[in-house]
Amino acid sequence: MKTIQHFVDGKTFSGNSNRTGKVYNPATGDQSAEVKLASTKDVNDAVANAKKSFEEWSNKPPLQRARIMFKFKELIEKYSDELTKIIVAEHGKVYEDAKGSLKRGLEVVEYACGIPQLLKGEFTENVGANVDSWSMRQPLGVCAGITPFNFPAMVPMWMFPMAIACGNSFILKPSEKDPSCSIRLAELLKDAGLPDGVFNVVNGDKESVDAIINNKDIQAVSFVGSTPIAKYIYENCAKNEKRVQALGGAKNHCVVMPDCDLDQAVNGLMGAAYGSAGERCMAQSVAVAVGGVGDKLVELLSKKVEALKVGPGMDKESEMGPLVTKEHLEKVKGYVDIGVKEGAKLIVDGRNFKIQGYEKGFYIGGCLFDYVTKDMRIYKEEIFGPVLSVVRAKNFDEALELVNNHEFGNGVSIFTRDGDTGRTFYNKAKIGMVGINIPIPVPMAFHSFGGWKRSLFGDQHMHGPEGVRFYTKLKTITSRWPSGLRSDPEFVMPTMK
Ligand code: NAD
């Protein structure tokens, strides 16, 4: 059995822990590897190393750091097929979708290539007589990222290219369910010329996460995962005086207005609800059918859900792959059972889906519920599987109220042909990322990604300009070079006369 190790100081690191976790191929259901689960000492050793590397790295001119990012970008493009296959093998999503997610990560690297421009400060000449003042941003030190299973390349790449380009060193603790992609990215960064110890991968579970929270040399923590863990990370990192951004779970609504292009809305919903088997934080799991559009919407959706091609991620025909683990499959099926008990109408039932030759794989077919109401658990809780709930709303105001009263606030979209409705919607929605006739409004790398309410704890979103702010500290300098004249001591607050 292959053992996936850590990557510290530019090389494979075994650490001193004997604990391991199991990594599966979700398409076959077979275990493909075991992964080392780091001890507190392993994490602390990696951090001590990263701290040493920070000194030299942070002094490198931003242009030199950008050149390494350029090289890294080229290597990701060169090895895109290999990286994509690693994602498919451990996560299960279909090849083209995995490739797309890698590309969205690559775009952050491309953005980070502009770091000399992004780090330029602000300068004011003559804030007082012969006094100049400027602001600049400096790196923090060792930063850490803790990431979920659902985007093994993209989510880590929301974090580390920005952190490193800003001059920090980085410890990545990827999901123990699909850790191999992070290790390969670390190797490519080394090949791109990144000095040893600047980027490190430590595999692990709660023990390694707690070691990150408690390590005094880690200045900032970026987290992406479920809401209870995001809250735990936020509270405990803050207690330990760290900067923290913790992105949590979601329940994204898609409001379907009666005036919309219904085919466009249905196609948008299909991709957003069932793409990546619903294991996306921007997946749409609730369709709000407004006015009389519900019956037609459900009729069109049900045909497409029944026709979904579910199969192994490497099969070119597959539109949707398996779920990540057997436990997760059971959890998602359990939610479908709950929905039935709660009285929602199960229009398409994917629970008994089987595929010949892959009987042990973690598959479920697409599921579609109608007449879901806001008091049901399947409406309130994140299922994170291919289960779409249709909720009926009388009018736009009722739909907006549903969106705004939900505890999560990651993404939302509306399908309408009316500009006034679209504008009112994006103006009033209490949600971090809004799409108008766009089913998955994931911001590009040069904007920033993040939700509202219980989908994000902290102040700053990820990557884009917010990424630069998160991974740097602001310093403002005020300077005077006296030319001959020496002033007497002043005991009052200096002001402009
Ligand atoms: P998760 O919260 O179980 O795990 C995330 C990370 O936290 C992993 O690295 C894991 O090892 C660690 N972890 C798990 N349990 C822990 C514990 N008790 N103590 C300390 N650390 C712990 O999430 P997941 O199942 O890997 O990913 C799915 C979740 O991530 C969903 O809720 C999804 O919405 C969310 N997500 C959110 C975004 C976003 O941008 N808001 C993006 C992707 C995924």
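An oxygen atom of the ligand lies 2.8 Å from a polar backbone atom of Thr147. An oxygen atom of the ligand is also 3.0 Å from a polar backbone atom of Phe149. A nitrogen atom of the ligand is 2.8 Å from a polar backbone atom of Gly248. The protein covers 88% of the 830 Å² of accessible area that the ligand has on its own (Shrake-Rupley method, 1.4 Å probe).

This is a predicted model, in which local features need pLDDT of at least 70, side-chain atom pairs count only at pLDDT 80 or more, and totals for chains, interfaces and linings use all residues. Residues are numbered from 1 along each chain as its sequence is written, and side-chain values use heavy atoms, without hydrogens and water.

Now the shell. The ligand is surrounded by 26 residues (a heavy atom within 4 Å). The closest are Lys173, Glu176, Ser226, Gly248 and Glu382. By type, the shell has 14 nonpolar, eight polar and four charged residues; Gly counts as polar, and Asp, Glu, Lys and Arg count as charged.

Which elements give two or more residues to this shell? They are helix H8 (206-214) and strand E11 (218-224).

Two domains contribute. Domain 1 (2-248 + 455-477) and domain 2 (252-436) each supply at least three residues of the shell. Their bounds come from an automatic or database domain assignment.

Methods. A polar contact is a pair of N or O atoms within 3.5 Å; within protein, one must be able to donate a hydrogen and the other to accept it, and residues adjacent in sequence count only if both atoms are side-chain atoms. Helices (H or I, at least four residues) and strands (E, at least two) are DSSP runs, numbered from the N terminus.
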